[in-house]
There are 2 protein chains.
Amino acid sequence: MSNIRAVAKKAGVSIATVSRAFTNPEKVSKNSLKKVMDAVDAVGYRPNMMARNFRSAKAYAIVVLVPDFANLFFTRVIRAIQEVAVKNGYNILLGETRDNEKLEEEYIRLVESRQADGLIQLRPHTPDYKLLPNQHIPAVAACGASGTPYTSVRMDHSVASLAIMNYLISMGHTRIGCIAGLEKNPHSIDRFEGYKQALADAGIEFDPELVFEGDFTMPSGHAGGEYFANMSDRPTAVFSMNDEMAVGAIKAFREAGLRVPEDVSITGFDDLPFATYTDPALTTIRQPAEEMGKKAMQLLLQIMDGKEVNQSEFILKHDFVVRESVKPVRAKA
Amino acid sequence: MSNIRAVAKKAGVSIATVSRAFTNPEKVSKNSLKKVMDAVDAVGYRPNMMARNFRSAKAYAIVVLVPDFANLFFTRVIRAIQEVAVKNGYNILLGETRDNEKLEEEYIRLVESRQADGLIQLRPHTPDYKLLPNQHIPAVAACGASGTPYTSVRMDHSVASLAIMNYLISMGHTRIGCIAGLEKNPHSIDRFEGYKQALADAGIEFDPELVFEGDFTMPSGHAGGEYFANMSDRPTAVFSMNDEMAVGAIKAFREAGLRVPEDVSITGFDDLPFATYTDPALTTIRQPAEEMGKKAMQLLLQIMDGKEVNQSEFILKHDFVVRESVKPVRAKA
DNA sequence: TATAGCTAAGAAACCGGTTTTGGTAAGTTG
DNA sequence: CAACTTACCAAAACCGGTTTCTTAGCTATA
């Protein structure tokens, strides 16, 4: 493969001139520039980025740690990150970790070993997690929950849940089931707080029987739906902590002969693309995924640039999307 | 940041010995090895991968070009690619191109400029496409359609479509609508071939009125559903070229007061995660995404290794997933 | 004892760029 | 006209590893 020296020889100039022709063309005379460009074409030269990056001690790559990239919420975030990244000359090394800490460590090593310059963590932070911010590696967290101990951009899940719960309550619902995520999941915790807060605000007593613990998957939502459908004192509405579980629950309700939303209202969380096409279309919360991704990348660029970030937590607002899956509670027959 | 020379100095050995201690420890005496390891701990040394890769002229990264990574089919493929890649020490640079050739060129440049060693193209090849295989860059295509002019691993979409159509026909359907993808999309072309072949085999005359051109999105499927629902001589079954459009169509049928599958049967293509949770659950084709991704990466490794690949096209088999969205045609009232 | 053969390890070359240094030719100023 | 810029460019140092070449020291064999 041709290198800068071959070009220099062909053009009859020094390698320094060839280098400058690429990085600081205005520092090179028209005459030399032309000679260089002709030589470049002649030998089919392409600068070797590895050499360039090595010399400049920048990999121009960042790693994005994502728990699960079959999750369409994350793909929205990644897309936004990517957009800002390429605009600034950075590539993205995608690390899907699937809650495997070994794998995650592997990826963090990439930035320690200079294959990447920084890191965006999409997995919500848990108190027992020690890996990050390991030391002085540039990192920002996005889409997390409350309590992230380093620069983060996120939504307030508690507030969003409060909003959707208030909506259910305003429709006259008082017995409201909750299909939760895993108990220790930070998002579950935050959303659960909103659930309980809304009940308390409305003077409705919290009933642990009305909480079903799922794991954010459709099958677990289906199980939750069955649980509520078979209850003797069935709730009139169900607050599901994400759209997938809501879809599973709707299926279970229908199998049990219940109509949605006539017999039971339901809400989701995330506004996945298919939320418009479920039957009924889901009333849900839309996270500002694009803004979070964009902001996170901008912050990371700033940090990698050595600039101090004066604020450690950026909280963006949710959107409340009203569709068809909630109806006012009916008068008891 | 500490480098190999600092370690050598601290350990009182040469840099060559330190290097060997990492890459060929068996070539180093126990004594030196211990001195080196102690020094490594003392100065907190981590080998600089950029330098290593630069010297060895391998980036240990590949780029995966994916048209749309919010498409859950692609995420299955990418995941499989990633698994094989990391097992072999490679990282993945994800390039979402969204049919933007400029962007795609940008990513191909990454391997020309040695930021990556090879490339997997997930976008189906079209005859007018000139970018690949540009020259001698290691590349393989996965998930494409027929007619890919370089090493590829794919499914036979025509055969899969034929299978699902034969199933519909075996259930007594003769008026079968088709919600197609964009006319020039290679997958559309292959799947359409299967559609027509099945009709011909069964002696059913092809009726262009029964073909609705969508674009693989839920809204276009919805439009297709409306189109067929309003037809005077409505088809009894609809062959949708993917699951998303099937979901849209089901929604439209229901809005038109039709029952699925009692009034109209429907089939999908791709077996997305939610295909089990639609109402009714979709009868569909499952592509061997994982195998395709795995095979593609293995082939790429082989090619990057300089080994010849003796076969240029690998065709894997589809799975036919029967669920609830098809019923035998009813006797006319 | 001489010599070949082997192992361990240091010195130095090397990968392909960027950047610093220094020198020359031309133009500018007092 | 001497002194001083300025523009351009070549030579060489440099980034942090790997690899080649060489030598020193040891063992085995005749």
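## Helix 8 of chain A

Helix 8 of chain A covers residues 186-202; helices here are DSSP runs of H or I with at least four residues, strands are E runs of at least two, and both are numbered from the N terminus. The expected span of a helix is 1.5 Å times one less than its number of residues, so the 17 residues of helix 8 should span 24 Å, and the 25 Å between its end C-alpha atoms agrees with that. Just after this helix, Gly203(A) adopts a positive phi of about 70°.

Which residues of helix 8 of chain A are buried? They are Pro186(A), His187(A), Ser188(A), Ile189(A), Asp190(A), Arg191(A), Phe192(A), Gly194(A), Tyr195(A) and Ala198(A). Buried means that 20 or more other C-beta atoms lie within 10 Å of the residue's own, exposed means 12 or fewer, and partly exposed is in between, with C-beta atoms placed from the backbone. The cover over these buried residues includes strand 4 (139-144), helix 7 (157-170), strand 6 (176-180) and strand 8 (237-240) of chain A.

## About the model

This is a predicted model, in which local features need pLDDT of at least 70 and side-chain atom pairs count only at pLDDT 80 or more, while totals for chains, interfaces and linings use all residues. Residues are numbered from 1 along each chain as its sequence is written, and chains are lettered from A and ligands numbered from 1 in the order in which they are written.

## Domains of chain A

The domain assignment, which is automatic or from a database, gives chain A domain 1 (4-47), domain 2 (59-155 + 289-316) and domain 3 (157-286). Taken over C-alpha atoms, the centres of domain 1 and domain 3 of chain A are 65 Å apart.

## How the two chains meet

In the contact between the chains, 33 residues of chain A meet 33 residues of chain B, a contact being two C-beta atoms, placed from the backbone, within 7 Å. On the chain A side, helix 4, helix 5 (72-87), strand 2 (91-96) and helix 10 (243-255) each give two or more residues. By class, that side has 17 nonpolar, eight polar and eight charged residues; Ala, Val, Leu, Ile, Met, Phe, Trp, Tyr, Cys and Pro count as nonpolar, Asp, Glu, Lys and Arg as charged, and the others, Gly among them, as polar.

## Around the DNA

Of the 28 residues around DNA strand C, Ile4(A), Ala16(A), Ser19(A), Ser14(B) and Ala16(B) come nearest; a residue is near a strand if its C-beta atom, placed from the backbone, lies within 6 Å of it. Helix 2 of chain A gives the most to this surface, six residues. The classes there are 13 nonpolar, ten polar and five charged.
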